[in-house]
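Student: Please show me the model, and then let me ask about the words used for it.

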Amino acid sequence: MSKTPVRTLTRQGATVHIYPDKMTASQAAAQFWADAMTRIGEQRADAKVVLGMATGSTPIPFYAELVDLHRRGHLSFAKAVIYNLDEYYPISPLDPNSYHYYMHQHLFGQIDVPANQTHLLDGSVPHWAIGEHCRQFDRWIVREGGIDLQLLGIGRNGHIGFNEPTDLPGPAASQLPTRRITLHPVTRADAGPSFGGRDHVPRHALALGTEPILAARQIVMLAFGTTKAEAVARSLDGPITGRVPGSLLQQVGPNVTWWLNSDAAALLRD
Ligand code: F6R
């Protein structure tokens, strides 16, 4: 399978790679990610690399590729420090629908990252402790020196992480801290099948803020399928607005690389 993109576009300094299918896009993105991890690690005396990870259906083949690179001896996570984007609230980390479970299944259980270097927001903290828990997460990321490499997917409604569309103006929408959010009806509908129906999807989530996401030194955005085409086009070609959180990425220009398949890129002009 060729890993050469069919088309490469630029938008506000960002590179947009378009592949025929999600497998080739995922393989190419994973190779890009692995190269970036290696390069960053080599530049640091302690070899530490701070990674921001995403969940959902989109990154599954990307994670499979990272695991494969690790098994073949091409990639180590021994010095990686990982912060995940989000977690449902409330949810037990043992629940198969939790993002704790997902990360263990798709990545942490298959690589050499030490358990105490992986961090997920905890969907089982009591209600009264949520504020401090989220502030702590932000403080830890600041103490690490920020995120080196952030993986993102995009919701059908344009959300990044679980930063849902908001009426806040672009600047305010770009400075949101980590916090508890209310999930958008579209997000709950999309998660419905794995929870046995949308009514069983938690109404809330804990979400890494737009501020730490946009401050990441490099962002890798994956989007596949026709259901994402509108959110992709509005993010890349529309105005910068809190109503389409993906559009906030326009402000960080060359720090973002988009990895799409042709279906997700269907509404982009050359
Ligand atoms: C998940 C996350 C979300 C998803 C988005 C797309 O950690 O932050 O923004 O990336 O909802 O989900 P999928 O990949 O399931 O279409």
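Student: How much space lies in the largest pocket?

Tutor: About 730 Å³. This is a predicted model, where local features need pLDDT of at least 70, side-chain atom pairs count only at pLDDT 80 or more, and totals for chains, interfaces and linings use all residues. Residues are numbered from 1 along each chain as its sequence is written, and side-chain values use heavy atoms, with hydrogens and water left out.

Student: What makes a set of grid points a pocket?

Tutor: On a 1 Å grid over the protein atoms alone, a pocket is an open set with protein on both sides within 12 Å along at least five of seven lines, whereas in a cavity a 1.4 Å probe fits but cannot get out. Grid points are joined across faces, edges and corners, and the volume is the space filled by probe spheres set on the points.

Student: Which residues are closest to the centre of the largest pocket?

Tutor: Of its 32 lining residues, the closest are Thr 55, Gly 56, Ser 57, Tyr 88 and Tyr 99. A lining residue has an atom within 4 Å of a point.

Student: Which helices and strands each supply at least two residues of that lining?

Tutor: Strand E5 (86-89), helix H3 (99-106) and helix H6 (185-195) do. Helices (H or I, at least four residues) and strands (E, at least two) are DSSP runs, numbered from the N terminus.

Student: Why is Val 186 called partly exposed?

Tutor: Buried means under 20% relative accessible area, exposed over 50%, and partly exposed in between (1.4 Å probe, protein chains only). Val 186 has a relative accessible area of 25%, so it is partly exposed. Val 186 is found in helix H6.

Student: Leaving aside neighbours within four places in sequence, which residues is Val 186 in contact with?

Tutor: Arg 156 and Asn 157. Contact means heavy atoms within 4.5 Å.

Student: Why does Gln 12 count as partly exposed?

Tutor: Gln 12 has 43% relative accessibility, so it counts as partly exposed. Gln 12 is in the loop between strand E1 (7-11) and strand E2 (14-19). Its phi is positive, about 45 degrees, although Gln 12 is not a glycine.

Student: Why does Ala 47 count as partly exposed?

Tutor: The relative accessibility of Ala 47 is 24%, and therefore it counts as partly exposed. Ala 47 lies in the loop between helix H1 (22-43) and strand E3 (49-53).
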